[in-house]
Amino acid sequence: MNPKKDFINDEFSFLKKIQKHFNKKINDKSITVQNGDDCFCFKSGKANICITKDILIEDSHFKKDWILPEQLGEKAIEVNISDIAAMGSIIPKFVFIGLGFPPGLSQKYLNDLYKGFEKACDRYQVILAGGDTVKSDKITVSITVIGKTQEKIILRSGAQIGDLIGVTNTLGDAGAGLDLLYNYGAEYKYNKEEKYLISRHNGPKARLKEASKIARYLTSMTDSSDGLYISLNLIMEASNKGANIDCEKIPVSEEIIKTIKSKDKIIDYALFGGEDYELVFTVPKNKASLLQKICPQVSYIGEVKSSKKVKYFYNGKEKKFKYKGYKHF
Ligand code: ADP
Ligand code: MG
């Protein structure tokens, strides 16, 4: 049994119930995006305010020995900014940090954690506006980011039949990096490629710049926090569409090719690995090449269909996948 897989399935059906129940009660005209997308949004004057929250918990999302506190601080901010990016051209403005830690945690660890928060906040010019601090057995970092925009917001639900499906960069690196840590620990003498894969797991970068460049052309978008397979399902389900994905078009890094010898295993990482935090989006075909000029890292991996199913092909031949989840600590 894969605990992560069961948790993800349970989590999604639990969240759907919660969202249905509470969204039904909403009677507030200022709300532009209800609970269920990467951010919640509401109108304030001409602007939309976008809000997101993500939590990282020790031994569930990270191991203290596998990531430096400074990296953890940065990562916690980045994964939240990634949800801001997933809504389009949004300017992140304010960050709130909820922090739980055991009394024995060293002052140096906390200082380094805050160095990481600061580094990422400075990168996006966001203000650390507040938070809360509690005692807890496990280190817990719960971040809320608030952003603002006057541009069009990109939902998960806007994919149209015939649109191309794009991603902002290579997939699978973070999952492969996590497996290296899982198999060999942090002290192992890794080569250059392996170090790169681990850095993609410990140091993801939100695609905020890319999002602001491409947003105006897109019909739908999310970020690949739980892996490409989940992102595609989320977009297609929200849009009530299906997709054909050409697995050989999924971009993968030189580093993963050098490290992981099996092609099938690489595709598994790309689909199920999780935590790459790339953007997954749909764009009308006639805008696809323009978009690639604006953002050359973009690759197209398939097309939106009416079928309501996400089908996978490898060199034209259909390939069936079962959701494999990703490694649980
Ligand atoms: P993401 O991976 O983009 O951060 P999640 O899968 O965490 O998104 O959440 C999906 C949606 O469910 C989001 O709109 C989020 O705000 C909402 N959500 C997540 N957890 C809860 C919760 N405990 N109560 C209410 N809504 C939640
Ligand atoms: Mg998201």
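Donors are N, O and S atoms within 2.8 Å of the metal, and water is not among the atoms, so sites may look incomplete. The views below show a predicted model.

**View 1. Protein donors of the magnesium ion (ligand 2).** Three aspartates, Asp38, Asp83 and Asp223, each supply an OD atom to the magnesium ion, at 2.0 to 2.1 Å. Along the chain, the donors of this ion are spaced as D-x44-D-x139-D. Asp83 belongs to helix H2 (residues 69–85) and Asp223 to strand S8 (residues 220–223), so this pair ties together parts 140 residues apart in sequence.

**View 2. Burial of Asp83 and Asp223 at the magnesium ion.** Asp83 has a relative accessibility of 7% and therefore counts as buried. For Asp223 the relative accessible area is 2%, so Asp223 is buried too.

**View 3. Nonpolar surface patch of Phe94, Phe96 and Ile127.** The patch made by these three residues covers about 250 Å². Phe96 is placed in strand S4, which spans residues 91–101. The relative accessibility of Phe96 is 33%, so this residue counts as partly exposed, a class that lies between the 20% limit for buried and the 50% limit for exposed.

**View 4. Lys20 in helix H1.** Helix H1 comprises residues 3–25 and includes Lys20. With a relative accessibility of 66%, Lys20 counts as exposed. The C-alpha atom of Lys20 is separated by 33 Å from that of Lys213, and the two residues are 193 residues apart along the chain.

Definitions and conventions. Residues are numbered from 1 along each chain as its sequence is written. Chains are lettered from A and ligands numbered from 1 in the order in which they are written. This is a predicted model: local features need pLDDT of at least 70, side-chain atom pairs count only at pLDDT 80 or more; totals for chains, interfaces and linings use all residues. Side-chain values use heavy atoms; hydrogens and water are left out. Donors are N, O and S atoms within 2.8 Å of the metal (3.2 Å for Na, K and Ca); water is not among the atoms, so sites may look incomplete. Helices (H or I, at least four residues) and strands (E, at least two) are DSSP runs, numbered from the N terminus. Buried means under 20% relative accessible area, exposed over 50%, partly exposed in between (1.4 Å probe, protein chains only). Patches are made of residues with over 30% relative accessible area and no salt bridge: like charges are joined within 9 Å, nonpolar side chains (Val, Leu, Ile, Met, Phe, Trp, Tyr) within 5 Å. Accessible areas come from the Shrake-Rupley method with a 1.4 Å probe; for residues, only the protein chains shown count as cover. A salt bridge is a side-chain nitrogen of Lys or Arg within 4 Å of a carboxyl oxygen of Asp or Glu.
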